[in-house]
Amino acid sequence: MHHELADDAALYVVGALTGADKSAFEAHLSQCAVCMAEVREFAPVVEALAAAMPNATPEARVRRTLMARLSADSSI
Ligand SMILES: [Zn+2]
C-alpha cells in the first residue's frame, strides 16, 4: 500500500464518504498530493461507470467495481 488513505480517495469520488469521514478526508486532501492525484485519477473512472449505468445510483455496485480496480492497482 502506497498510502493509507488511498482507498478513501475512491470512496470520496463515488460519494461514499459522509459526515466526519468526508470532512476529514477533504481536510487531508488539501494537504496531500497523493490523495489529490488519486481523486483526479478516479473521477473519470466514476464518470465512465455512471455513463455505463445511467439508471444506477453510485452505491454498492460502483463501489465494488472501483475497489476491485483499486486492488488491481495496489502495486503502484
Ligand atoms: Zn493522502
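How many helices and how many strands are there in the chain? There are four helices and zero strands, where helices (H or I, at least four residues) and strands (E, at least two) are DSSP runs numbered from the N terminus.

## Model and confidence

This is a predicted model, in which local features need pLDDT of at least 70, side-chain atom pairs count only at pLDDT 80 or more, and totals for chains, interfaces and linings use all residues. Residues are numbered from 1 along each chain as its sequence is written.

The mean pLDDT (the predictor's confidence in each residue, from 0 to 100) of the chain is 81, and 78% of the residues score at least 70.

## Overall organisation

From the N terminus on, the order of elements is α-α-α-α. Of the 76 residues in the chain, 16% are buried; a residue is buried if 20 or more other C-beta atoms, placed from the backbone, lie within 10 Å of its own C-beta.

Two residues are in contact if their C-beta atoms, placed from the backbone, lie within 7 Å. Among contacts with a separation of 6 or more, 63% join residues 24 or more positions apart.

## The nonpolar core

A nonpolar core is a set of buried Ala, Val, Leu, Ile, Met, Phe, Trp, Tyr and Cys residues joined through C-beta atoms within 7 Å. The largest one has ten residues: A9, A10, L11, Y12, V13, V14, C35, F42, V62 and L66. Two or more of these residues come from each of α1 (6–13), α3 (33–52) and α4 (60–72), and α1 gives the largest share, five residues.

L11 lies in helix α1 and counts as buried because 20 other C-beta atoms are within 10 Å. Residues up to four places away in sequence aside, L11 touches A16 and L17. The C-alpha atoms of L11 and R63 are 7.1 Å apart, although 52 residues separate the two in sequence.

## Helix α3

The buried residues C35, E38 and F42 belong to α3. An α-helix has 3.6 residues a turn, so residues three or four places apart point the same way. Neighbours within four places in sequence aside, F42 is in contact with A9, A10, V13 and L66.

Conventions:
A residue is buried if 20 or more other C-beta atoms lie within 10 Å of its own, exposed if 12 or fewer, and partly exposed in between; C-beta atoms are placed from the backbone.
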